[in-house]
Amino acid sequence: MTTFDLPIQGMTCASCAGRVERALRKLPEVSSASVNLASEQARIEAPVGSLTQLIAAIAGAGYSVPSQPLELSIAGMTCASCVGRIERALSKLPGISQVAVNLADEKARLQVLAGFDPQQALKTVAAAGYKASLLWCCRCWSSPSACTGCCRPGYSSCSPPRCSSSSAPASTAPPGRQ
């Protein structure tokens, strides 16, 4: 079991929160669920691979879980087995609702919940034996070359050491200033 903290859009009253909570509790794999209207969050205890079912239950109740795309460049894949290994590893991360890895273009396209830390995906790919880097800024989701400095206040762009699994651990200073 894992704890999912899901953002929920569209709730306007206590009745809405109750409706979402009841929809989640109807799922057989859910051991507990509580919804907070003020924070627009649901806290759910469920198996690691159940995020898709949780999101579907929330959608079935008439609400949505905001998500955003995340794209990774992956080096070192040679066959369909590599693709499957990476997809299985990434699918286990709480906060990733969809995973599609393409061998031909060496990319992983993910749908992640708002607030998901991309470093988790990079570390997971590295643990599976491959090198990964973000094709988007770690914070603003623009391409790293277009980032206006939100990754590192005071600097004009994302750098590979912050957004790559093949680098040293993340730091708040840019390369050469650590």
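**View 1. Strand 5 (residues 96-102) joins strand 6 through 6 bridges, the two running antiparallel.** Welcome to a predicted model, in which local features need pLDDT of at least 70, side-chain atom pairs count only at pLDDT 80 or more, and totals for chains, interfaces and linings use all residues. Residues are numbered from 1 along each chain as its sequence is written, and side-chain values use heavy atoms, with hydrogens and water left out. Strands (E, at least two residues) and helices (H or I, at least four) are DSSP runs numbered from the N terminus, and two strands pair if DSSP finds at least two bridges between them. Look for valine 99, whose bridge partner in strand 6 is leucine 110. The hairpin of these strands has 4 residues between them, and glutamate 106 there takes a positive phi near 55°.

**View 2. Strand 6 (residues 107-113) also pairs with strand 4 (residues 67-75), in the antiparallel sense and over 7 bridges.** Here arginine 109 of strand 6 is the bridge partner of glutamate 71.

**View 3. Helix 3 (residues 80-91) meets helix 4 (residues 118-127), their axes coming within 9 Å and crossing at roughly 140°.** Axes are lines fitted to C-alpha atoms, for helices over the stretch in contact, and angles run from 0 to 180 degrees between N-to-C directions. Helix 3 is therefore oblique to helix 4 (under 35 degrees is roughly parallel, over 145 roughly antiparallel, 65 to 115 roughly perpendicular, and the rest oblique). The contact (heavy atoms within 4.5 Å) brings together Ile86, Ala89 and Leu90 of helix 3 with Ala121, Thr124 and Val125 of helix 4.

**View 4. An open sheet of 3 strands has the order 1-3-2, with antiparallel pairing.** Strand 1 (2-7) and strand 2 (32-36) are the edge strands, each pairing on one side only. From one strand to the next, the twist averages 15°. Strand 1 and strand 3 (residues 41-46) share 6 bridges in the antiparallel sense, and aspartate 5 stands opposite arginine 43 in strand 3.

**View 5. Helix 1 (residues 14-25) lies across strand 2 and strand 3 and runs at about 165° to strand 2.** Helix 2 (residues 51-60) packs on the sheet too, touching strand 1 and strand 3, and its direction makes about 40° with that of strand 1.

**View 6. The protein chain holds 4 helices and 7 strands.** From the N terminus on, the elements run β-α-β-β-α-β-α-β-β-α-β.
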